[in-house]
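Hi,

Here is the structure I promised to pass on.

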Amino acid sequence: MAGIEIAKVVKAYGSVPVIHGIDLSVRDGEFVVLVGPSGCGKSTLLRMIAGLESVTGGTIRIGDRVVNDLPPRDRDIAMVFQDYALYPHRTVAENVGFGLRMRGADAMTIEKKVKEAAEILQITHLLDRKPGQLSGGQRQRVAMGRAIVRDPKVFLFDEPLSNLDAQLRAEMRVEIKKLHQRFGTTIIYVTHDQVEAMTLADRIAILKAGHVEQFATPDEVYRRPRSTFVARFIGSPSMNIVPARIAPDATTITLDGDAAVPAPASFARARGRDVLLGLRAEHLGLAGPDGVPARTVIVEPLGSDTLALMQIGRVEMTGRFPPAAPLRAGGDVTLRLDLEQAHLFDPETGLAIV
Amino acid sequence: MKLLRNRRAMIILAGLIVAANGFFPALWILFTSFKTEVELMRVPITIIPQAPTIENYIRVFVDQPILRFLFNSVVVAVLSTLLCVTCSALAAYALVRLRLPGAGIILSVLLAIAMFPLISMMVPLFQVMRDLGLLNTWWALIFPHAVLSMPVCTLVLISFFQDIPRDLENAAMIDGCTRLGALWHVVIPLTAPGVFTAGILAFVNSWDEFLLALTLSPRVASRTLPVGITLYQGEFSFPWPIISAALIVAIVPICIVIAIFQERVVSGLTSGGVKG
């Protein structure tokens, strides 16, 4: 096992930079998720750690070794690919044992370790099959088997679940978490799915256009997003972010030129400023007659709760309500906005005002 | 519907013409090899031998050292094929995967070389082989045969290598392979149909090659089959039945080679390795 130190890492293809000096420090045994939209550089960064992409600048350290110029096979890592990357001409057992064979392990050891890995991943009955005869979920288990059998210092996962259907994805998520608890190996996991990021990670690095927007625990990125980008990316539904203005005396906040709402004391930090107000869906609630008047636009019952898009003056916000809430599209309601929980962002930079 | 039927009929007709064009000469040679010279000259001509004889085949083996020619051909074809496929595979892999600067130019040059007329290289090749002391050895043919087939084999392999997902090699390299190891353990097995196709091309090219064989390896002991067969021709005679029998002896091994390789040329080998 080993930690990973990424210092001022830069990647450019020709004159086009795609990673702009990333610093990340992953602790030994930590589960770190790199998350971000397509093209943010998360997979490139993972491939640089794996040695599949060259490093243009900066250093990557696995354990106490700088690995910039080491070939992938000498980095003591294992990787699970989005497309599984199983060797189609080999059986499951040969796929799982391939890494051991390439490292010169004897047949007895290979057989024993393959069997152990297969038992952990419940693929013992598939060992004689070829990848073409397996379902997507089974193939992904085999790919994980190939990773764990070598007992590497670091596991790298490149969007391993994105080809699976929703139910299987949820199952495999649990499976991956169990594996981490069992082996305690450092894991770097790339995904664009914020649910995977939140459920799996010890810490999440949110990437945007080649730099790290925020690197913190799931709780922290959810409760204290550093920018509107993070706030929108993490959480489902996305955080409501609407333009607003805080009165010079900070007693009220006006939503996009409409009715003023009493502001909590903490808003004094942005008195007299135009801001972006961020409010999560769960911080909207139905109120009595003294609430903020709103109109229900769309109702989305989810069973456990109900999401509803509300029109408040000129802005729209999504709220999360109890399943039995008396909501119907087009109906008028009054809302309670829990502004104590709200976030304020600078409209120019998008950064949180703290 | 009628148009569709006509189209189908035309395709079948075209296929039959192509097949007949290929098969007729071979069948003609086969039938001729069992005829006597008298029957061959008889008018009206017979297609199926009326009094089949194996005398021509006996003469083939008695009159000239055809087994020697056969052995020379096998050695030259096998070694030049191995050399050609190995070099072509490495070249194709480099062109497909290594982001070489000027890969496009290299490809164009390869194509140009493939179209180069062989006759224009004969004199320099002869001089080189003479200076190297390789005239009348297998190597005088193995090297040029390998090089002649290399452009087309490389182009064939490039098209196959391009279809292999990069992540399969990445997985192999993380699993402990070098780049060459990944090529050997993953890419080559998965592109077996392409490798065998290239192999068959190189083998047939070498087996059939006449001009170089005649020029660079003229001594009887080092002759290959195409040149050896010309020895059956007399100064004033042209024994068609015997030459036909010799041709059949030359054709059979290549048919066997193709039959063996064809079984290996199976498609769909890559299905299931990656999503899809």
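This is a predicted model: local features need pLDDT of at least 70, side-chain atom pairs count only at pLDDT 80 or more; totals for chains, interfaces and linings use all residues.

Domains first. Chain B is assigned domain 1 (1–53) and domain 2 (63–273). Where the two touch, domain 1 of chain B puts in eight residues and domain 2 of chain B also puts in eight residues. Their C-alpha centres are 30 Å apart.

Next, Ser88(B). You'll find Ser88(B) in helix α4 of chain B, which covers residues 66–97. Is Ser88(B) buried or exposed? Its relative accessibility is 0%, so Ser88(B) counts as buried, the cut-off being under 20%. The side chain of Ser88(B) gets to the backbone oxygen of Cys84(B) at 2.7 Å. If you skip the neighbours within four places in sequence, the contacts of Ser88(B) are Met150(B), Cys153(B), Thr154(B) and Leu157(B).

Then there's the second largest pocket, with a volume of about 460 Å³. It is lined by 21 residues, and the closest to its centre are Gly51(A), Leu52(A), Asn170(B), Met173(B) and Arg179(B). As for which elements build the lining, β1 (4–13) of chain A and α8 (166–174) of chain B each give at least two residues. The largest share is from α8(B), with five residues. By type, the lining of this pocket splits into 10 charged, seven nonpolar and four polar residues.

Cheers

Terms used: Residues are numbered from 1 along each chain as its sequence is written. Chains are lettered from A and ligands numbered from 1 in the order in which they are written. Side-chain values use heavy atoms; hydrogens and water are left out. Helices (H or I, at least four residues) and strands (E, at least two) are DSSP runs, numbered from the N terminus. Buried means under 20% relative accessible area, exposed over 50%, partly exposed in between (1.4 Å probe, protein chains only). A polar contact is a pair of N or O atoms within 3.5 Å; within protein, one must be able to donate a hydrogen and the other to accept it, and residues adjacent in sequence count only if both atoms are side-chain atoms. Contact means heavy atoms within 4.5 Å. On a 1 Å grid over the protein atoms alone, a cavity is a set of points where a 1.4 Å probe fits but cannot get out, and a pocket is an open set with protein on both sides within 12 Å along at least five of seven lines; lining residues have an atom within 4 Å of a point. Grid points are joined across faces, edges and corners, and a volume is the space filled by probe spheres set on the points. Ala, Val, Leu, Ile, Met, Phe, Trp, Tyr, Cys and Pro count as nonpolar, Asp, Glu, Lys and Arg as charged, and the others, Gly among them, as polar. Domain bounds come from an automatic or database domain assignment.
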